[in-house]
Amino acid sequence: MNVPRCGWRRCVLNVGLLLLALSLPQALLAQWKASVGAQSKDLGRQALAFLPNEIWIHEGESITWTFEMAEIHPVSFLQAGQMRLPFQVGCPGVMVNNASFDGSSCVTTPPPVTGQTFTMQFPMRGNYKLGCLVHENMTGVVHVLEPAALPLNQSDYDELAAKEKTKLLADADNDQKETSAHHHFANAVKAGTSAVVATASGKDSLSVMRFLNDTVVIHAGETAEWTNEDPITPPTITFGTEPANPMPPSANGTIDADGARHATITSVFDSVHSGFIVAALQERIGLSQAPVGVTRFRITFTKVERIHIFVRCTMIWG
Ligand SMILES: [Cu+2]
């Protein structure tokens, strides 16, 4: 029988190679990086997106998301077919960090703060939908694969994320302070607008969280109207005291025949609040038709005054 023989240098080298081979699977488990959201300097333009929103990784690897914006985006993985619940309800098993997701039970982060990170490990192969429980049009996919070559590397993802961020924040359709050209009513103001961008694996959105004309001049006795063209982040229109809960309208309003909310301001001491004004919702096959929503808020001003009205968005939910 041949006994393997080697000089001591060769033996050391062989043992070294063996140890390297044994430790390779662990060493090759990558730690991927992605970011959540982006915003303009004045915070008015919010990109609601996972950047990038499609990632291919190996089983056992993890992804760390960094939250880049003021708007809240709980990173959420639901079970296949699970009903989407409001983010305040979330899903059982909210985890803060070092979570893992294999599709068997949902995982979501609490509403994160700018600069925070969230790391999640994926121990099982599968294609998992990634979503934000606050914004419906903010989705993506994580593909968890067996050991094999992956289509993209970290620098590809960094480049994709940067491109998508620039594209979303610069969306030309939403760049203008639009006047009432899109409305049938005089004295109309857009309280918000958005663009939803479809990608191969999900949806990115841009929300413009500003009144799009900041000054409206009307005569005493006339009515001004606010609308919202952003289906994801409903603004509210408030005159006077801000309510603790921004969702419902103030009790002193009425409903017009066409469904619009309507309030009257007779002096600077009046307080009126629109509640959420949501643009028409997206329909989906297999689900009940979405109701006709409240998309307009009108205020009749009975006196000559100079007043200030505030807009705010879901990011201020308590
Ligand atoms: Cu979000």
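This is a selection-by-selection tour of a predicted model.

**Before starting**

Residues are numbered from 1 along each chain as its sequence is written. Because the model is predicted, local features need pLDDT of at least 70 and side-chain atom pairs count only at pLDDT 80 or more, while totals for chains, interfaces and linings use all residues.

**The whole chain**

Colour the protein chain by secondary structure: it has two helices and 19 strands. Helices (H or I, at least four residues) and strands (E, at least two) are DSSP runs, numbered from the N terminus. Of the 318 residues in the chain, 34% are buried. A residue is buried if 20 or more other C-beta atoms lie within 10 Å of its own, exposed if 12 or fewer, and partly exposed in between, with C-beta atoms placed from the backbone. Among contacts between residues at least 6 apart in sequence, 70% join residues at least 24 apart. Here two residues are in contact if their C-beta atoms, placed from the backbone, lie within 7 Å.

Two strands pair if DSSP finds at least two bridges between them.

Next select β12, residues 203–208. Six of its six residues are buried, so the strand is largely enclosed by the rest of the structure. Lys203, Ser205 and Ser207 lie on one side, and Asp204, Leu206 and Val208 on the other.

Now show the strands that pair with β12. Strand β2 (residues 45–51) pairs with β12 in the antiparallel sense over four bridges. To see this pairing, pick alanine 47, whose bridge partner in β12 is leucine 206, and glutamine 46, which stands opposite serine 207. Valine 196 has serine 205 of β12 as its bridge partner. A hairpin of four residues joins β11 to β12.

Select leucine 43, in the loop between β1 and β2. Its phi is positive, about 70 degrees, although it is not a glycine. Most residues other than glycine have a negative phi, and most peptide bonds are trans. Leucine 43 counts as partly exposed because it has 13 C-beta neighbours inside 10 Å.

Then go to proline 52, in the loop between β2 and β3 (54–58). The peptide bond joining leucine 51 and proline 52 is cis, with omega about 0 degrees.

**The five-strand sheet**

From β3, select the open sheet β3-β10-β9-β5-β7, whose pairing is mixed. β3 and β7 (107–108) stand at its edges with a single partner strand each, so one side of each is left without a neighbour in the sheet. The partner to show beside β3 is β10 (residues 139–145), paired in the parallel sense over five bridges. Histidine 58 has leucine 145 of β10 as its bridge partner.

**Helix α2**

Show the side chains of Tyr157, Ala161, Glu164, Lys165 and Leu168, which are buried. Seen down the axis of α2, the buried residues fall within an arc of 105 degrees (taken from the directions from the helix axis to the C-beta atoms), so they line one face of the helix. They pack against β1, β2, β3, β11 and β12. Turned away from that side are the exposed residues Ser155, Asp156, Glu159, Lys163 and Thr166.

**The nonpolar cores**

Finish with the largest nonpolar core, of 40 residues, in which Ala34, Ala49, Phe50, Ile63, Trp65 and Val142 touch the most other members. Strand β2 supplies the largest share, five residues. A nonpolar core is a set of buried Ala, Val, Leu, Ile, Met, Phe, Trp, Tyr and Cys residues joined through C-beta atoms within 7 Å.

Centre on isoleucine 63: leaving aside its neighbours within four places in sequence, it is in contact with Trp32, Ala34, Ile55, Ile57, Met120 and Val142. A second, separate core has 15 residues, among them Ala191, Ala260, Ile277 and Ile299.
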